[in-house]
Amino acid sequence: MRYRIVMLLTIVLGALLQQFLPTWPLFGGIKPPILAALTLYYALRRNAGEMWLAVFAAALLQDGLDLGSFGPALIAFPVIGLLANRIRNEVFADGIFTQLFFGAVIGLFTTLIALFVYAVTGQRPLFFGLAVLRLVSSVLLGMATLPVVSQIVNRLEVFIPERRGYGWQ
Amino acid sequence: MYAVAAALLLAVVFVPLPSLTLKSKGAVRGTIAGAERGTSGIWQWFTEAAAAVRGIGGAVERNRELSQELVRTQAELNKLSDVEADNVRLRRAFDFFHQKPFGMVPCDVVSRNISGWWSSVRIGKGRKHGIQENQAVISPDGLVGRTTEVTAFASEVLLVSDPACRVSAKLKRVDVFGLVRGAGTTLSGQPKARIEFINKDVEIRVNDEVVTSGLGAFPKGVHIGYINKVHRDASGLFQHAELIPRATVGLLDYVFVVSEAQKEPAR
């Protein structure tokens, strides 16, 4: 129970931080995918129940605090959680190259899903150049965000006694 | 089971249910509103502290600049006091001095957009404070945007620079109507918008002022920005121009929502 509460609080803090971080025009206005990184972090280290809790908390916060209809995160985060949870015993989640690779993948995937949802629902005008800039930026931001988020949450969890539930350990 | 969950998810995403979506978002935003305000305060404190620390290094230079500025301002003030006296006399003559064409609700900006896909900010007041959707949001620098997705205690403000924000406007110098539409931001971070559907026979000049026309939900005569580039298409019926919406440049701390409910008749 304690782990779940800390996990939910971490996700809420992640959402607040993602909101307050400024956007960089050079990155197409895309924000660092902190909530997607947290989803992946918990999916790679927790059991299925806790993974789904993290997935839906993060997705509801991301889409609930964003403008427009529910969608981009509600589609992307469950897919990220499900796939990562399945392969969690086969990857070294704390390896820097693993994190860089997965960071790039989640950045690209969440932006692709957002582009798809906004294109289908017509909520955002799509310009080819801006879309490409955002895709490239999301890869870079994902690679930068996931290792940092993983380090911070790892250090945070050290303070919680009776550490358990890590699938790959 | 996964197929059912996926179908349900796709239905949530692609079947438009605005009222249900707004209720769900209201619940999420209401839950996090307190934390948002607290974080907003802490963030502002850090920003101000960082600005203060940055200022220490250049204090001497800044002091010199301020001294020069003071002398220049005093000279200007002497000149302006005569103009102000005339201004006050004329205002009294036309009985405009106490005129308040619309009521305003002051609001703190509590957060910015979480994904970066929208140019928007969230303000800490909502339906409970008399705010409704599609009301104009202004700041001392001019038009900021319009309210959208108003929940009980918070409202989203779609900035003028967002492509989804459209405002009926006019060029003040020539009194010609057009439509201002957001155009995102430049790579240097400058918000931009464009005024469209202007008759191609009208001469638009750089630095022409663009104000709201008064049509639609926006009050009349609110400053939007100045023209900085004109595009003329010889083959088309219309021309368009780019402008920088000044009120959305930089970080916004507080804004005013123009409230129709508090509208007072002009005397």
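1. Conventions. In this predicted model, local features need pLDDT of at least 70 and side-chain atom pairs count only at pLDDT 80 or more, while totals for chains, interfaces and linings use all residues. Residues are numbered from 1 along each chain as its sequence is written, chains are lettered from A in the order in which they are written, and side-chain values use heavy atoms, with hydrogens and water left out.

2. Chain A, overall. Read from the N terminus, the elements are α-α-α-α-α-α. Of its 169 residues, 55% are buried; buried stands for under 20% relative accessible area, exposed for over 50%, and partly exposed for the range in between, with a 1.4 Å probe and protein chains only. Contacts (heavy atoms within 4.5 Å) with a separation of 6 or more are 76% between residues 24 or more positions apart in chain A. The accessible surface of chain A is about 7,400 Å², with 74% of it from carbon and sulfur atoms; such areas come from the Shrake-Rupley method with a 1.4 Å probe, and for residues only the protein chains shown count as cover.

3. A nonpolar patch on chain A. A:Phe128, A:Val132, A:Val136 and A:Leu140 make up a nonpolar surface patch with about 400 Å² of accessible area together. Patch members have over 30% relative accessible area and no salt bridge; like charges are joined within 9 Å, and nonpolar side chains (Val, Leu, Ile, Met, Phe, Trp, Tyr) within 5 Å. A salt bridge here is a side-chain nitrogen of Lys or Arg within 4 Å of a carboxyl oxygen of Asp or Glu. A:Phe128 belongs to helix H6 of chain A, residues 128-158, and counts as exposed because its relative accessibility is 71%.

4. Chain B, overall. Chain B has 3 helices and 12 strands. Buried residues account for 37% of its 267 residues. For contacts in chain B between residues at least 6 apart in sequence, the share joining residues at least 24 apart is 57%. Chain B exposes about 15,700 Å², and carbon and sulfur atoms supply 59% of this area.

5. One barrel in chain B. In chain B, 6 strands close into a barrel with antiparallel pairing, in the order S1-S2-S5-S4-S3-S12; a pair requires at least two DSSP bridges between the strands. Neighbouring strands of this sheet are turned by 45° against each other on average, direction ignored. Strand S1 (residues 103-112) is joined to strand S2 (residues 120-123) by 3 bridges, and the two run antiparallel. B:Arg112 stands opposite B:Val121 in S2(B).

6. A further barrel in chain B. The order S6-S7-S8-S11-S10-S9 describes a closed barrel of 6 strands, paired antiparallel. The twist averages 45° from one strand to the next. Strands S6 (residues 166-171) and S9 (residues 209-212) pair in the antiparallel sense over 3 bridges, and B:Lys170 has B:Val211 in S9(B) as its bridge partner.

7. Where the chains meet. Helix H1 of chain A (residues 2-20) lies across S1 and S2 of chain B and runs at about 115° to S1(B); axes are lines fitted to C-alpha atoms, for helices over the stretch in contact, and angles run from 0 to 180 degrees between N-to-C directions. B:Thr148, in strand S4 (residues 142-150) of chain B, is buried at 14% relative accessible area. Beyond its neighbours within four places in sequence, B:Thr148 contacts residues including A:Leu67, B:Glu133 and B:Leu158. B:Leu158 lies in strand S5, residues 155-159, of chain B and is buried, at 3% relative accessibility. Leaving out residues up to four places away in sequence, B:Leu158 touches, among others, A:Leu67, B:Trp118, B:Val144 and B:Cys165. From B:Leu158 to B:Asn113 the C-alpha separation is 9.8 Å, at 45 residues apart in sequence.

8. Positive phi angles. B:Asn134 has phi near 65°, a positive value in a residue other than glycine. B:Asn134 sits in the loop between S2 and strand S3 (136-139) of chain B and is partly exposed at 39% relative accessibility. B:Asn207, also not a glycine, has a positive phi of about 80°. B:Asn207 is placed in the loop between strand S8 (191-199) and S9 of chain B, and its 57% relative accessibility makes it exposed.

Notes:
Helices (H or I, at least four residues) and strands (E, at least two) are DSSP runs, numbered from the N terminus.
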